[in-house]
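Please keep the sequence and the 3D view at hand while reading.

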Amino acid sequence: FSTSARQVRGPSGERLGAALAYQELTELLRAMKVKDEFISSVSHELRTPLTSVLGYLELLRDDDSLTPEARAQVLTIQRNAVRLQALVSDLLQVGQVGEGSLRIRYADADLTALVRDAVEAARQDAAGRGIEIAVEAPVSLVARVDEQRIRQVLDNLLSNALKYSRTGGSVVATLHETSDAVVLEVSDTGIGIAADEVEHVFARFFRGGGALEQHIPGTGLGLNIVSSIVAAHGGEVSLESELGRGSTFRVVLPRTEG
Ligand code: ADP
């Protein structure tokens, strides 16, 4: 279906703006809802069989009768199945966000511990890629957030920072507070993002030129999930980047009263 905009003019014919016909807007919203429901149900349906595939692959991998070649093939299947699982879980999240069912469960959390845990979890990946990873944070910084969701934000930003870095690079996660907010930053010295792509990186399914040219795997969903979680906290995520030099993603979360 198509949408058309109508000019709205003032008494002396001056342009005040444009309006979408109400019916077309309703149709557009319904189509968006159908799309979100579709994403949600497909990802739900994919989850169960994938869990079973992964379970059997694990059994098969540990089978002593496998030849080394067969075991290598099983490991390749397993790696790809794990990637599929990550994609399905991202799709599930995106579906939830679109349906407006991203619920935030606020509780006091020590963000310093949260950042340190997330960095520890990323350390092996960093070492494998030859990248230094560090934390700069106060001894403790307690804020009311949904701890699980903010951990997801950190995991996404850290995994991107590593994925879009080169051997010998470095990644730093920093945490500090201002008078009315807490600020989380993840910086890298990686491939950077072209100026004309910066405004698109939070869009669903967007993948940058560098990511595509260098065949860096991804779904284009991670930053969309990050921005939805941050927005649900009433916060903002922004980024500064220079192509070929690196990027800094900044998450500002307002202090909320208990
Ligand atoms: P994905 O990484 O799966 O492609 P994201 O939504 O996490 O999806 O990121 C969208 C795009 O933004 C990426 O494809 C990449 O082009 C760019 N991007 C994200 N993080 C970084 C980063 N730290 N350095 C360079 N480019 C990045």
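## Strand pairing

Two strands pair if DSSP finds at least two bridges between them. In this predicted model, strand S4 (residues 132–136) and S6 pair in the parallel sense, over five bridges. Ala-134 has Val-172 of S6 opposite it.

Strand S6 (residues 170–177) also pairs with S7, here in the antiparallel sense and over seven bridges. The two form a hairpin, with three residues between them. Within this pairing, Leu-175 has Leu-184 of S7 as its bridge partner, and Val-172 stands opposite Ser-187 in S7.

## Strand S7 and its other neighbour

S7 is joined to strand S9 (residues 246–254) by eight bridges, and these strands run antiparallel. The bridge partner of Ser-187 in S9 is Thr-248.

How enclosed is strand S7? Of the eight residues of S7 (residues 181–188), seven are buried, so the strand is largely enclosed by the rest of the structure. Buried here means a relative accessible area under 20%.

## Confidence

The average pLDDT of the chain is 90, and 93% of the residues score at least 70. For the complex, the predictor gives an ipTM of 0.99 and a pTM of 0.81.

## The cavity

How many cavities of 30 Å³ or more are counted? The count comes to one, and the largest cavity holds about 30 Å³ of space. The residues that line the largest cavity are Ala-143, Arg-144, Val-145, Val-182, Leu-253, Pro-254, Arg-255 and Thr-256. By type, the lining divides into five nonpolar residues, one polar and two charged.

Strand S5 (142–145) and S9 each supply at least two residues of this lining. S5 gives the most, with three residues. Arg-144, one of the lining residues, is placed in strand S5. Its relative accessible area is 25%, which makes Arg-144 partly exposed. The C-alpha atom of Arg-144 is separated by 39 Å from that of Val-53, and the two residues are 91 residues apart along the chain.

## An aromatic pair

A search of the whole structure finds one aromatic pair. The ring centres of Phe-202 and Phe-249 are 6.3 Å apart and the ring planes stand at 85 degrees, so the pair is edge-to-face. Phe-202 lies in the loop between S7 and helix H5 (209–213), while Phe-249 lies in strand S9, so the pair ties together parts that are 47 residues apart in sequence. Are the two residues buried or exposed? Phe-202 is buried, and Phe-249 is buried as well.

## Helix H6

Helix H6 (residues 222–232) is mostly covered, with eight of its eleven residues buried. The buried residues in H6 are Gly-222, Leu-223, Asn-224, Ile-225, Val-226, Ser-228, Ile-229 and Val-230. Just after H6 comes Gly-234, which takes a positive phi of about 75 degrees.

Phe-205 is not a glycine, yet it has a positive phi of about 70 degrees. Phe-205 sits in the loop between S7 and H5, the loop that also holds Phe-202. With a relative accessibility of 46%, Phe-205 counts as partly exposed, whereas Phe-202 is buried.

His-215 is not a glycine either, and has a positive phi of about 50 degrees. Where does His-215 lie? His-215 is found in the loop between H5 and H6. The relative accessible area of His-215 is 69%, so this residue is exposed.

Note on methods: Residues are numbered from 1 along each chain as its sequence is written. This is a predicted model: local features need pLDDT of at least 70, side-chain atom pairs count only at pLDDT 80 or more; totals for chains, interfaces and linings use all residues. Side-chain values use heavy atoms; hydrogens and water are left out. Buried means under 20% relative accessible area, exposed over 50%, partly exposed in between (1.4 Å probe, protein chains only). Helices (H or I, at least four residues) and strands (E, at least two) are DSSP runs, numbered from the N terminus. pLDDT is the predictor's confidence in each residue, from 0 to 100. On a 1 Å grid over the protein atoms alone, a cavity is a set of points where a 1.4 Å probe fits but cannot get out, and a pocket is an open set with protein on both sides within 12 Å along at least five of seven lines; lining residues have an atom within 4 Å of a point. Grid points are joined across faces, edges and corners, and a volume is the space filled by probe spheres set on the points. Ala, Val, Leu, Ile, Met, Phe, Trp, Tyr, Cys and Pro count as nonpolar, Asp, Glu, Lys and Arg as charged, and the others, Gly among them, as polar. Rings of Phe, Tyr and Trp (its six-membered ring) pair if their centres lie within 6.5 Å; planes under 30 degrees apart count as stacked, over 60 as edge-to-face and the rest as tilted.
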